[in-house]
Structures are given as C-alpha cells and as structure tokens.
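Please look over the sequence and the structure before reading on.

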Amino acid sequence: STILVTGASGYIAKHIVLRLLQAGHHVRGSIRSPARGETLRATMAALVPEAMERLTLVPLDLTRDDGWAEAAAGADAILHTASPFPLSQPKDPQEVIRPAVDGARRAIRAAATAGVPRVVLTSSIAAVVEGPQPQGRRYDERDWSDPEAPTISPYSASKTLAERAAWDMVATEAPGVALTTINPGFVLGAPLDGDTGTSLAVVERLLAGRDPMLPNFGFACVDVGDIAEMHLRALDTPASIGQRIVGASDFLWYPEMAEILAAAFPDRRIPTRRAPSLLIWALGHVDPAVAAIRSSLNLRRELDASRARDLLGITFRDPRESLVDTARWLAAQGRA
Ligand code: NDP
C-alpha cells in the first residue's frame, strides 16, 4: 500500500517513514524544504537502501492549497504529522494556530477528495491536559484542553484547535474518512539524523547545563519509537477508528530529567537545582519561553495510556532510557 506522510522531514515522522519502509509500504513523504528532503533521503538510503525505490517526496505547505490533490491521489492512507512545533512561543498565537488548523483541514479535505479512506493525525497531549485536572483519575482521551484558557500556550491552543477541526470535518463534510488521532506526551529518543526539532532542543539545553536553576514543571514522556509504532498499528487496527489514543509513559519533572542526565554524564556537572516558583513567575514577564511554562509549574499531569496498550498492544519504554539515548546522541554529535 501507499502511505502519504506529511511533514516527513520531522523528528517523529522520520521514525514513522523508516518503519513503514521496513514493513514494505510505499511511502510518499511530504516536505516543504528541499534541503530537508535531501537529508531525509540520505538518512533512509543509509538505513534501508533496499527500500529507496518505494520512497518518493512531494512538496506540501500547510498554509497553501497547491500540491495536496496530487500528494493524496492513489494513497491508501494519510499520516498527518506536520504542524508547527516552535521552541519559543510566538507573540501572535495565530502564527502557529493558523498553519496547524488549516493544515489539518487540508489533510482531511485532500483525503475526502482523493477517496483516501484512512487518516491518522498526530495530535498531542497538549490537546488533552490544558483543562481542569480530572477528579480521582488521571487525564485520558475523554479530556480536552480549553483553547480559550487564559494560560494556554499558542502551541497547545494550535494542537487543540487542529485536532478539533479534524474531528469536526469527519463528522460533517468528510464522513467517508476514518480518523484516528495519536496524542503523544513529550517525545524522547535518538533522532535518525541531525535535522531535529524542539524535543531535542530541550534535552540539548539540559545537557549543556544552560539553566543554572530549573523550573519545576514536567511532562508525561514517551519514546519516539513507541509513538512511530502507534501510528503504524493504528493503520492496521479498525477498532482505533474514531478514537483519540494517548501515547504516554512516565511523568518526569524537568529537574528530574537533569538529575538523570547528571547521573549518566558525571563529568559534566549538569545543574539540577530547582528554581523557586516565584522567580519563574517573575521571569515569565520578560522571557516568553519562561512565560509558556508558568501555567504548568508544580503540576503533575499524569496520563492514563491504557487505550494504547489495550487497543494497539503497545508496551511503553521507560522514558528515562529514551532521555539518555537522546543525550548520548547529542553528545556524540558534539551538539551539547
Ligand atoms: P518537528 O518540528 O521535527 O516536525 C514538525 C514537522 O512539521 C516538520 O516536518 C516541519 O517541516 C513540518 N511543518 C511545520 N510547519 C509546516 C508548514 N507550514 N508546512 C509544511 N510543513 C510544516 O517536530 P516533531 O517531529 O516533534 O513533531 C511532529 C508532530 O508531532 C507535530 O504535529 C507535533 O505537534 C507532534 N507532537 C510532538 C511532540 C514532541 O514532543 N516532539 C509531542 C506531541 C506531539 P520542516 O522539517 O520543514 O520544518
């Protein structure tokens, strides 16, 4: 079968493309930058040279209409992973919201128009946990972030609104499209090449010891290979149609991540001190990156990922191992 993977040059997407090629699929990967397309091609040529005739690249931009019909034509499924994932939040939230929402709509519309029956969309726990903490249980697929919450980051709003737009479309104008969303926690694990995104930048920052004190916020973390596998298994699991599926393993505090890295890299003297929350509140007034995490300070938002286990048969890897893998990769590259 032929699978269109949007944003194929991304950190998670490359792990998906690799597994699809290994499983014998034809992959049409969409890219927006020819240079990143070249890196993707070189990476796959090194890892799965025998599969290169099954990999084609097509240009697509989330903010433009052209190319979608051609990209979707004849595909059996679309894995829509592309979405802006900036490290620091833009002043104008629409800078990330518009491409995320329009991109999700374009992906579903392209599927409907080309008669592609199946779409798996990469959403996020950012679309789950930015709402009221559930009473007496962990967050799960029933929970939705409130995109209007005063403290929500533009990125979390973008993921919430994009996922909602996709579900709205299949409920109304694109009833023939079977949708699943995968909602990953913070993704960790070695990338396949050096074109990497925000996930890696966070680990890079910790490993380089750039923060003398660490704000006490954290995320439910998950291994990149497990997330890639969830996308593939969703394609083969009819029971996942119409479902959101959280992909998350253990919750790690940011300072705890520093402690794990400090233990794995004893020569580096990685700072592990927690920053007083009041200091973070004050800094948030001047630094937008700090402002973005203020609303999650001291919040332990754990997720129940039993749907991924029960429906897709995923056994999640310990994210502490994925974290150390990421750091070893960065160190080997001389990047931190
Ligand atoms: P990357 O930044 O590596 O991947 C994002 C991808 O989206 C890239 O391929 C990027 O293209 C593409 N993209 C962004 N804007 C546009 C645009 N306007 N037009 C076309 N393509 C665009 O990050 P990840 O791999 O981590 O993220 C992949 C998906 O997973 C995203 O949907 C993200 O929200 C989601 N996710 C990630 C998590 C994480 O911790 N990493 C957690 C939860 C969800 P280019 O390569 O050219 O920049």
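## Pairing of β7 and β8

In this predicted model, strand β8, which spans residues 218-223, pairs with β7 in the parallel sense, and 3 bridges join the two. Within this pairing, F186 stands opposite C221 of β8.

## The sheet around this pair

β7 and β8 belong to an open sheet of 3 strands, in which the order is β7-β8-β10 and the pairing is mixed. Because β7 and β10 (251-253) stand at the edges and have a single partner strand each, one side of each is left without a neighbour in the sheet. From one strand to the next, the twist averages 50°.

## The ligand shell

The ligand is surrounded by 27 residues, of which G7, G10, S83, S124 and G197 are the closest. Sorted by class, this shell around the ligand holds 12 nonpolar and 11 polar residues, together with 4 charged ones.

Which elements each supply at least two residues of the shell? They are α1 (11-22) and β7 (186-188), and the largest share, 3 residues, comes from α1. The edge strand β7 therefore takes part in the sheet and also supplies at least two residues of the shell around the ligand.

## The annotated domain

According to the UniProt record, an unreviewed entry, the annotation "domain: Ketoreductase" covers residues 1-190.

Note on methods. Residues numbered from 1 in each chain as written. Predicted model: local features only at pLDDT ≥ 70, side-chain atom pairs only at ≥ 80, totals over all residues. Near = placed C-beta within 6 Å. Helix = DSSP H or I, 4+ residues; strand = E, 2+ residues; numbered from the N terminus. Nonpolar A, V, L, I, M, F, W, Y, C, P; charged D, E, K, R; others polar. UniProt positions renumbered as here; feature names shortened; annotations may be inferred. Pairing = 2+ DSSP bridges. Axes fitted to C-alpha atoms, helices over the stretch in contact; angles between N-to-C directions.
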